[in-house]
Amino acid sequence: MCRGIPLCVNKWESFVLIGVSKQDIREHIWDYMESQNLADFPRPVHHRIPNFKGSYLACQNIKDLDVFARTQEVKVDPDKPLEGVRLLALQNKKTLLVPTPRLRTGLFNKITPPPGATKDVLRKCATSQGVRNYSVPVGLDSRVLVDLVVVGSVAVSEKGWRIGKGEGYADLEYAMMVSMGAVSKETPVVTIVHDCQVVDIPEELLEEHDITVDYILTPTRVIATGCERPKPMGITWSKISREMMEKIPILRSLRAQEQQAGKDVTLQGEHRHPPEPGRQQTVPPSAGRRPQDTPRPEANSMEAACGSPPGEGALLAADVYVGNLPRDARVSDLKRALRELGSVPLQLTWEGRRHRAFLHYQDSAAAQQAVSCLQGLRLGTDTLRVALARQQRDK
């Protein structure tokens, strides 16, 4: 008995927890792993995806999965117990994608070992330090097709139901990948845990946005869950708060794209205005789009506009001015920086000779968010000036 929770231990040291919350299960797993000395560095494991003794052995089991043998592009969370899978992916010359920490600067980083990397270098690349030192960001407009997703867990059931550490990043990352078209419902999801983390999870604890897993790897077992519960079909915007939108810039870009496609993107606490049945939602010219503009086939393509720059009368509240561009700056440099920060405009007008550019967003709210996100942006040694274009014109 622990924290008032009925406990039953079977031969695998799995727990059967009845009538509890997700947090009860987390606390119970963390306490048990520490008290039985099953935990490994970093400790204590509370409030983490727990690392455990035997995690490398559990990771080796992924080699027995056909889905790993067939995969070319694999997304692995940056948690310590998944380090062995990241190393195996690099050793097998697979494309390894790791989420950026707390999604601050984008969704993925691609781990790129130096040419001729030795085993020791590959081991470093698989660590959290390697993620920082040997990775490049992957933009929203990159053609990412993930063949396999590997996530960390605090607890998981043999039915494939998963509980994370409570911050929701793994669930959100998966939903964002769905929105990007990077994964489909057929993309397998694997988690790697200690045997004691395999528990019975009451179905009533599961929510629509919770990701489920298809395979569970432990030091002693490979469990095919056969989970039939549908995985998230995309971002549940009603679960996203304004605070999260501010903290995760890439969410703002994805929201703009889905809004343009006519989807309901009402945030948590906002009044919902559903589109009319059978009719695609449109953005009126007064919201920031020029009347003569048509929706672009790829909203994140950032095509550099040709021809004359926008006149003063053409500047709208959805336009952002970027000034103080270095003399040797190229449009590709600015595009790359915008992708990394998750502030991709619908269109970009480049005026390199005048050391400036104009970014055209969907509406004034998106433009204002971009201005906030891009403050302090540097190209080379120069800090760029970023402001709403109308305000810059007035100055």
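Begin by selecting helix H1 (22–35), helix H4 (83–91), helix H6 (128–133), strand E7 (162–163) and helix H7, each of which supplies at least two residues of the lining of the largest pocket. As you look, keep in mind that this is a predicted model.

With these elements highlighted, turn to the space between the atoms, for the largest pocket holds about 1200 Å³. If you colour the lining of the largest pocket by residue class, you will find 17 nonpolar, eleven polar and 18 charged residues. Which element gives the most to this lining? That is H7, with six residues, and H7 is therefore the next stop on the tour.

Select H7 (residues 169–180) together with helix H9 (residues 249–260), and you will see two helices whose axes come within 11 Å and cross at roughly 40°. An angle of that value makes H7 oblique to H9, and the crossing of the two helices is left-handed. To see where H7 and H9 meet, show Leu172, Met176, Ser179 and Met180 on the H7 side, and then Ile250, Leu251, Leu254 and Glu258 on the H9 side. The residues of this contact divide into six nonpolar, one polar and one charged.

Stay on H7 for one further residue, Val178, which is placed in that helix. What does Val178 touch, once residues up to four places away in sequence are left out of the count? The residues it touches are Val183, Pro232, Met233 and Gly234. Select Phe41 along with Pro42, and look at the peptide bond that joins them, which is cis, with omega at about 0°. Then move along to Pro44, which is found in the loop between H1 and H2 as well, and display Arg43 beside Pro44, where a cis peptide bond joins the pair with an omega of about -5°. Finally, select Asn37, whose place is also in the loop between H1 and H2, and examine its backbone, where phi is positive at about 55° although Asn37 is not a glycine.

Methods: Residues are numbered from 1 along each chain as its sequence is written. This is a predicted model: local features need pLDDT of at least 70, side-chain atom pairs count only at pLDDT 80 or more; totals for chains, interfaces and linings use all residues. Side-chain values use heavy atoms; hydrogens and water are left out. Axes are lines fitted to C-alpha atoms, for helices over the stretch in contact, and angles run from 0 to 180 degrees between N-to-C directions. Helices (H or I, at least four residues) and strands (E, at least two) are DSSP runs, numbered from the N terminus. Angles under 35 degrees count as roughly parallel, over 145 as roughly antiparallel, 65 to 115 as roughly perpendicular and the rest as oblique. A crossing is left-handed if the near helix is turned anticlockwise from the far one by less than a right angle, and right-handed if clockwise. Contact means heavy atoms within 4.5 Å. Ala, Val, Leu, Ile, Met, Phe, Trp, Tyr, Cys and Pro count as nonpolar, Asp, Glu, Lys and Arg as charged, and the others, Gly among them, as polar. On a 1 Å grid over the protein atoms alone, a cavity is a set of points where a 1.4 Å probe fits but cannot get out, and a pocket is an open set with protein on both sides within 12 Å along at least five of seven lines; lining residues have an atom within 4 Å of a point. Grid points are joined across faces, edges and corners, and a volume is the space filled by probe spheres set on the points.
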